[in-house]
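Please keep the sequence and the structure in view while reading.

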Amino acid sequence: MAQHNHTEVVYGLYNDEEDLLHAVKEAQNGHLDIYDVFTPFPVHGLDPILGLEESRLHQAGFIYGALGTMTAFLGMTWIFTKDWPNIFGGKPYWSVPAFIPITFELTVLFAAIGMTVTFYIINGLGPGVVSKHLDDRITDDKFCLAFDAAVVDKQKAESFLKSTGAAEIHSKTL
Amino acid sequence: MNQYTIKPAHRNILFGAMALGVLSMALTWLGDDAHHTRFWTNFLHNSVFFTMVSAMALFFIAACVTAYAGWHTVFKRIWEAYSMFLFVGLGLLFIVALGVFMHWHHLYHWADEASVETDAVLKGKSSFLNKNWYMFGTIIFVGLWAFFALKLRSLSLSEDNTGDANYAQHKSMRVYAAILLPVFGFSSAAMIWQWVMSVDAHWYSTLFAWYSTASAFVTMIAITILTLIYLKSNGYYENVTQHHIHDLGKFLFAISVFWTYLWFSQFMLIWYANIGEETIYFKERYNNYPILFFANLGVNFLVPFLILMRNDTKRKFGSVSFVAIIVLLGHWVDYFLMIKPGALITASHAGGVEGHAEESHGAEAGHHAAEHVSTFVDGFTIPGLLELGTFLGFFGLFAFVSLTVLSKAALTPKNDPYLEESIHHHVV
């Protein structure tokens, strides 16, 4: 994730995800620190090779969902028993079965909105944010492996990218 | 090892379970009321339960073939083996259907001609709820399912021997599977109405078939998980990995939630509308079976929902088999609650053998009926030891039949177009 300012990045664009997977393995074996990998779609088996930990986004999602459950259920309980008790269809004030659909909906709503906002924040995305991406084509058909020039020597990185079959090699200051 | 053989010790355990089942059923019969209501409800309950489990295995094979799914191919022989139990289920339910004809039991109010004559509701339903339809549906529809099960399995077996890159058998399976799905969709609903919903003959719910079929589906997935883990622990199915178990765990989770959705949809609409002839079904269960009524929902929803929500609990054999056992018993209790209350009411209305004559005697007859009921009410409001014994007997029969069928063919099919995909199946 591009958090640092003015980082010089050397990156190679591969035409095929198999070449990328192979290159990532080679880099790990050669102890080259990878700055980041960008792919247009989730590449199967990439996460374990990169050693990425399982995302904790769904744990946040559970908390948001539970918050939605509580908001809806306790909210309706308070409204229909304390704040504005009304009899609907001869049912008791505290009509739990009638609360369930709304409780379900708010659980989904809270989890969905909460997880979306969290995802945007941790990825530095949002309305009006200019994204610091390396190349437009990594959202289309190119697979990108990037090195930080301050960490991995530029010449070394370029020769590595070339030797692993990168179709194009560029560098860019983010 | 690609060829399964039942260990003698395990076979003896299954025979022991079946013997326990026969003993329980005999004891039930001896200590029963005049109609042998407890015996027949247990017989119907377990027959329908395991027949529906094997029917759902057949349905799932057909659904996977039609959907071009390949993840299950390494262990699809297990479902093929389950689906062969349909032949046994056909025999078991034929006995129930014969019982309707011969008046061996009093499970169904609509089967009592004298009651139907004086009852406008039952009379209105009599074009569907009658002994001929019951017999016809049981023989023809279950027979049809069994035919499709046999056909799909024999195509799969012939693929092992003569399958090649033309995939002629698989293409033929697609045709059979596509024909089966709509046929099964309508016929399974009709049979569920006949076998189970018509126990409460005056009551009906348009959601009932969905709800009870979802229950059977969850059970089928739970039994699949337990069978796979049993076979893996005995050294078979090394090519079935935690990735396959993970997907089965997802199905166990998802269909449990789906079942809850259907249970609640059925309950809430009836509760909200509060029409007497509809609420009677839930009022009976709420008042007289409160523990089972709430435990059913708690066990079959909360346990799989909370435990299987995480990624890793669907992959670990310990947690997933724990949930599978709970859910298997939970859905057995679910079917118990579908059948027993209605049958008990029917039996108590009928009283003794000359039920209707006695009812007219007023208080005395009421007392008599209550006395009759009290001899077997323990086995109704909660499953007693005899119910558990009967369940173990039927479970042993189901396990014995399906494991025997499983031992007749290679565990992992050969030449299936989706085999490679299934072996390399990988989910994160």
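The radius of gyration is taken over C-alpha atoms, and the globule rule used for comparison is 2.2 Å times the number of residues to the power 0.38. By that rule, a compact globule of 174 residues would have a radius of gyration near 16 Å, but chain A has 24 Å. The model is a predicted one, in which local features need pLDDT of at least 70 and side-chain atom pairs count only at pLDDT 80 or more, while totals for chains, interfaces and linings use all residues. Residues are numbered from 1 along each chain as its sequence is written, and chains are lettered from A and ligands numbered from 1 in the order in which they are written.

## Confidence

The predictor gives an ipTM of 0.81 and a pTM of 0.88 for the complex. Confidence in each residue is expressed as pLDDT, from 0 to 100. In chain A the mean pLDDT is 90, and 97% of the residues reach 70 or more. Chain B also has an average pLDDT of 90, with 93% of its residues scoring at least 70. Residues 352-376 of chain B stay under 50 in pLDDT. For this stretch the model has 27 contacts beyond four places in sequence, where a contact means that the C-beta atoms of two residues, placed from the backbone, lie within 7 Å.

## Chain A

Helices (H or I, at least four residues) and strands (E, at least two) are DSSP runs, numbered from the N terminus. Chain A has 5 helices and 4 strands, arranged along the sequence as β-α-β-α-α-α-β-α-β. Within this chain, mean confidence is lowest in helix α2 (residues 46-50), at 88, and highest in helix α3 (residues 57-83), at 96.

Domain bounds come from an automatic or database domain assignment. This assignment divides chain A into domain 1 (8-54 + 131-173) and domain 2 (57-122). The C-alpha centres of domain 1 and domain 2 of chain A lie 44 Å apart. The C-alpha atoms of chain A fill a box of roughly 80 × 30 × 25 Å along the principal axes.

A residue is buried if 20 or more other C-beta atoms, placed from the backbone, lie within 10 Å of its own, exposed if 12 or fewer do, and partly exposed in between. Of the 174 residues of chain A, 20% count as buried.

## Chain B

Chain B has 19 helices and 0 strands. A compact globule of 428 residues would have a radius of gyration near 22 Å, and chain B agrees with this, at 22 Å. Its C-alpha trace spans about 75 × 45 × 40 Å along the principal axes. Buried residues make up 47% of the 428 residues of chain B.

The expected span of a helix is 1.5 Å times one less than its number of residues.

| Helix | Residues | Length | Span, first to last C-alpha | Expected span |
|---|---|---|---|---|
| α4(B) | 85-102 | 18 residues | 26 Å | 26 Å |
| α18(B) | 385-406 | 22 residues | 31 Å | 32 Å |

Helix α18(B) is mostly covered, with 17 of its 22 residues buried. In α4(B), the buried residues include B:Phe85, B:Leu86, B:Val88 and B:Leu92. The buried residues of α4(B) pack against α2 (37-66), α3 (76-83), α7 (131-162) and α18 of chain B.

Most residues other than glycine have a negative phi. B:His103, which follows α4(B), has a positive phi near 55°. B:His103 lies in the loop between α4 and α5 (113-118) of chain B and counts as exposed because it has 12 C-beta neighbours inside 10 Å. B:Asn415 also has a positive phi, near 65°. B:Asn415 is placed in the loop between α18 and α19 (419-423) of chain B, and its 17 C-beta neighbours inside 10 Å make it partly exposed.

B:Ala324 is located in helix α14 (residues 317-350) of chain B. B:Ala324 counts as buried because it has 27 C-beta neighbours inside 10 Å. Leaving aside residues up to four places away in sequence, B:Ala324 touches B:Ala222, B:Ile225, B:Leu226 and B:Leu252. The C-alpha atoms of B:Ala324 and B:Ile225 are separated by 7.0 Å, although the two residues are 99 residues apart along the chain.

## The two chains together

At the interface, 8 residues of chain B are in contact with 7 residues of chain A. The side of chain B that touches chain A has 6 nonpolar, 2 polar and no charged residues. Here Ala, Val, Leu, Ile, Met, Phe, Trp, Tyr, Cys and Pro count as nonpolar, Asp, Glu, Lys and Arg as charged, and the others, Gly among them, as polar.

Methods
pLDDT is the predictor's confidence in each residue, from 0 to 100.
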